Every structure is written in C-alpha cells, then in structure tokens.
Amino acid sequence: MVPTLESKTALITGASKGVGKGIALELARCGCHIAVNYSSDARGADATAAEVRALGRQAVTVQADAGVAADVDRMFAEVLRQFPRLDILVNNAGTQTWKALLDLEEAEWDNVIRTNLKGCFLCTQRAGRHMREQGGGSIVNIGSGCNKVPFPNLSNYTASKGGIEMFTKSAALELAKYRIRVNCVAPGAIEIERTLQEAADYGKTWAAVTPRGRVGQPLDVARAVAFLAGDSADFITGQTLFVDGGLFSQPVWPY
C-alpha cells in the first residue's frame, strides 16, 4: 500500500540526482510538495523539480551547502517562505573520499564529516525547532551499509555514517516529546550515477553477492523513506532500517 502523505511538505537535501532524486519523486507520488536542495548541481535540481511538478505537486529548488550553518539558515528561511510548514526532512546530502586511511588528508576527513555528519546535525536542529512549534514532524536520515559493517578505504565516510546512526537515536529521544520522529534508512549497494563509476558492471558485481539477487535502485530506498515519514510509522522512532537486499546481514560462511 502506498503511504498517504497528501499535502505535506518535504525537504530533501542533495536531491539533484541519485538516491535524493528518487526520494523526492517517491514522496511526490505519495502526495508531498517538495523542496529540492542542491549544493552545486542546479541543472539536476531543476530537472528533479520539473518531474515533481509533472506529478501534480508543488516544487521549489534551494541552493545550500548542508554543512554550512549560514547556508542552512538561509535554506530553511526560503523553504518556509515558499511553504506554510515543513512536515518531513530527509537528510540525504553526502559525499565520500575513496582513499586508504594512511593516505587520507585532514582536509578530506574534514569535508566528509562536515557534509555528512555536521550537515545532518544542522538540518535536524533547524527542522526540529520549526516542527516543535507546529506540533510534530518526521525526520529521516540516510545512513549506509557501513552502519553495520566497516568499509575499507572509506574511513571518514564510515565514521560519518556511524555517527549519523547514533545521532538519530539521540535526536529521537530528545524530540519525541514534541511529536517529532527521527529514523535512519541505511542503503546497501544502490545503482546510481556515482556508484556506476566504481565498477565496470556495478549492478552485476553487487547482485552476485546480494542475497536478494539484484542490485538496489533509488526507489527501494525511497519507499522505505516514505514509510518512515508517514503515519503508518507513527510508533517508530530512533530506528535504522537497512535497505540492502540482505547484503550486510550475511555472515562469512565457509561452505
């Protein structure tokens, strides 16, 4: 059953492409009006917004670096100028550096932690303040398979996503009294523009080791987000939902 989010407003960070775009479109199909955040890809954000409008929903684009407080303040002011309220925040904006730990530069560490973890904090705090005044809301943070297992050559990314999971739990405990739910969706191998650059045949490579027998798509993640954002998940908060086809649940098994 498709969750009903009729006439609610959702802000999705990093929604110009990939998983963020998939989330924006699925929430629009469920009835949401959408604020499409982007950092540098204005053309992609405009394309996402156009597709949202084609679904019969309102859409605006807003540029902001999620890891910069002044940008986040400006973004929320613009979203709340365009819409009367914000019901759903999806903290999706993220970046990564593929490099061995012993070669990782301090600036690379800082950039990933700032964008992924600090960005999640800043946006959750600003959304939480607004949602407290309006009487509730739902926040969904995007984690990763490395919430469950460490990823080699991605030490800063793994640290940021692990931090997001624990931040989700802490925020959920503090904000529950304001009727604000905070959850985390942790995708596995998802076929998007960025991951297609990782392997010559990304889909076949990951399908071979995924119990479900296929690689994930943005819609798989988006449907989980829509569920957690909606009223069907009213008694769910502080949780991490893995959307990985069983990939990171399987043990190392010798036979």
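In helix H1, the buried residues are Gly18, Val19, Gly20, Gly22, Ile23, Ala24, Leu25, Glu26, Leu27 and Ala28. Buried means under 20% relative accessible area, exposed means over 50%, and partly exposed is in between (1.4 Å probe, protein chains only). Ten of the twelve residues of H1 are buried, so the helix is largely enclosed by the rest of the structure. This is a predicted model, in which local features need pLDDT of at least 70 and side-chain atom pairs count only at pLDDT 80 or more, while totals for chains, interfaces and linings use all residues. Residues are numbered from 1 along each chain as its sequence is written, and side-chain values use heavy atoms, with hydrogens and water left out.

**Helix H1**

- H1 covers residues 18-29; helices (H or I, at least four residues) and strands (E, at least two) are DSSP runs, numbered from the N terminus.
- From its first C-alpha to its last, H1 reaches 17 Å, close to the 16 Å expected at 1.5 Å a residue; the expected span is 1.5 Å times one less than the number of residues.
- The buried residues of H1 pack against several elements, including strand E1 (9-12), strand E2 (33-38) and helix H2 (42-54).
- Their other partners are strand E4 (88-91), strand E5 (137-142) and helix H7 (218-229).
- After H1 comes Gly31, which has a positive phi, near 120 degrees.

**Thr115 and the cysteines**

- Thr115 belongs to helix H4 (residues 106-134) and is buried, at a relative accessible area of 13%.
- Leaving aside residues up to four places away in sequence, Thr115 touches Ala93, Gly94, Thr95 and Cys120; contact means heavy atoms within 4.5 Å.
- Cys120 is buried too, with a relative accessible area of 2%.
- You will find zero disulfides in the structure, a disulfide being a pair of cysteine sulfur atoms within 2.5 Å.
- Cys184 is buried, with a relative accessible area of 0%.

**Aromatic pairs**

- The structure holds three aromatic pairs. Rings of Phe, Tyr and Trp (its six-membered ring) pair if their centres lie within 6.5 Å; planes under 30 degrees apart count as stacked, over 60 as edge-to-face and the rest as tilted.
- One of them joins Phe151 and Phe248: the ring centres are 5.5 Å apart and the planes meet at 40 degrees, so this pair is tilted.
- That pair links distant parts of the chain, 97 residues apart: Phe151 is in the loop between E5 and helix H5 (155-175), and Phe248 is in the segment after strand E7 (240-243).
- Phe151 is partly exposed at 21% relative accessible area, whereas Phe248 counts as buried at 15%.
- Tyr202 and Trp206 also form a tilted pair, with ring centres 6.2 Å apart and planes at 45 degrees.
- Tyr202 and Trp206 are four residues apart in helix H6 (residues 202-207), so about one helical turn separates them.
- Tyr202 counts as buried at 4% relative accessibility, while Trp206 is partly exposed at 29%.

**Charges over rings**

- The charged end of Lys148 sits over the ring of Phe242, 4.0 Å from its centre; this requires NZ of Lys or CZ of Arg within 6 Å of the ring centre and within 35 degrees of the ring normal.
- Arg132 lies over the face of Tyr178, 5.7 Å from the ring centre.
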